[in-house]
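Dear colleague,

Please find below the structure that I am handing over to you.

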Amino acid sequence: MTDDDKGLRLDALEADLRALREDHERLRGQLVALTEMERFRDVILRRHTPSVLPPPSSGSLDARDFAEQADGLHYLEYGPQGEAYRWTGPGHITRVRFNVDRSVPVMVTLRLVSLGSHTEQDRLAVEIDGATYPMRLTPEPGTVLEAGPVPPRAGVGPTELLFHVPVLFSPDGADAADSRRLGVALRCVEIAPA
């Protein structure tokens, strides 16, 4: 390596070092500014309270979304057309939580893949705010049940739906090792203004 090459490399290293020092000073200044702003965070928040977004007027939970918002369901399965669903069970109660605007009457809709062993006389029901509403089949294509209208509720907060599934069965046939207790095959739960 010639002296000229060494000199060029040394100049390049000095330029890189200057750039690093400038970046370091810039970042140090930003850190000081952020630290100062953090000291006054509570004062700023007290003076300028953020506006809280109102809950949506309707909500829908697909079988894939049930993990955190529902209890009383079996694992996720897929139908022949690729539709996701979950069987209710092993008990007679399935709990689903929604955060929706309840200042107006609402309807609750269940979209099912299967009614399981239920017949017309075996009425599913949903309990909301301590009142029970029978579910009825709709004329929509597929197996769709609805209940309501559910009266409005004052105040905000989550709405808890307790679905009462009266008939449970154990699957038989091809997979005799399946000892689960199943109710209905639930594809989607919806709550919307009536």
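In what follows, a residue is called buried when its relative accessible area is under 20%, exposed when it is over 50%, and partly exposed in between (1.4 Å probe, protein chains only). Helices (H or I, at least four residues) and strands (E, at least two) are DSSP runs, numbered from the N terminus.

This is a predicted model, in which local features need pLDDT of at least 70 and side-chain atom pairs count only at pLDDT 80 or more, while totals for chains, interfaces and linings use all residues. Residues are numbered from 1 along each chain as its sequence is written, and side-chain values use heavy atoms, with hydrogens and water left out.

Strand S5

I begin with strand S5, where the side chains alternate between two faces. Two strands are said to pair if DSSP finds at least two bridges between them. S5 runs antiparallel to S11, to which 6 bridges join it; here Ile 93 stands opposite His 164 of S11. S5 is also joined to S2, again in the antiparallel sense, by 2 bridges, and Asp 71 has Arg 95 in S5 as its bridge partner.

Strand S6

How many of the 9 residues of S6 are buried? The number is 7, so S6 is largely enclosed by the rest of the structure. S6 and S10 run antiparallel and are joined by 6 bridges, while S6 and S12 pair in the antiparallel sense over 8 bridges. As examples, Thr 109 has Glu 146 of S10 as its bridge partner, and Val 108 has Ile 191 of S12.

Thr 109 lies in S6 and is buried, with a relative accessible area of 10%. Contact here means heavy atoms within 4.5 Å. Not counting residues up to four places away in sequence, Thr 109 touches Val 144, Leu 145, Glu 146, Cys 188, Val 189 and Glu 190.

The nonpolar cores

A nonpolar core is a set of buried Ala, Val, Leu, Ile, Met, Phe, Trp, Tyr and Cys residues joined through side-chain atoms within 4.5 Å. The largest such core has 28 residues, and those with the most contacts inside it are Leu 110, Leu 161, Phe 163 and Val 189. Strands S5, S6, S7, S10, S11 and S12 each give two or more residues to this core. S6 gives the most, with 4 residues.

Which residues does Val 189 contact, leaving aside its neighbours within four places in sequence? They are Gly 59, Ser 60, Leu 61, Phe 66, Val 96, Phe 98, Thr 109, Leu 110, Leu 161 and Phe 163. There is also a second, separate core of 5 residues, which includes Tyr 85, Trp 87, Phe 169 and Leu 182.

Salt bridges

Side chains of opposite charge can pair when their charged atoms come close. A salt bridge is counted when a side-chain nitrogen of Lys or Arg is within 4 Å of a carboxyl oxygen of Asp or Glu.

Arg 95 is partly exposed at 29% relative accessibility, and Asp 71 is partly exposed at 38%. Salt bridges that share partners join Asp 71, Arg 95, Arg 97 and Glu 160 into one network.

Arg 26 and Asp 23 form a salt bridge (3.7 Å, N to O). Both lie in helix H1 (residues 3–39), 3 residues apart, about one turn of the helix. Arg 64 forms a salt bridge with Asp 62, with the closest N and O atoms 2.9 Å apart. Arg 64 is partly exposed, with a relative accessible area of 46%, as is Asp 62, with 22%.

A loop residue

Finally, Val 167 is placed in the loop between S11 and S12. Val 167 and Asp 122 are 45 residues apart in sequence and 7.2 Å apart in space, C-alpha to C-alpha. Apart from residues up to four places away in sequence, Val 167 touches His 92, Ser 117, His 118, Asp 122, Leu 182 and Gly 183.

Yours sincerely
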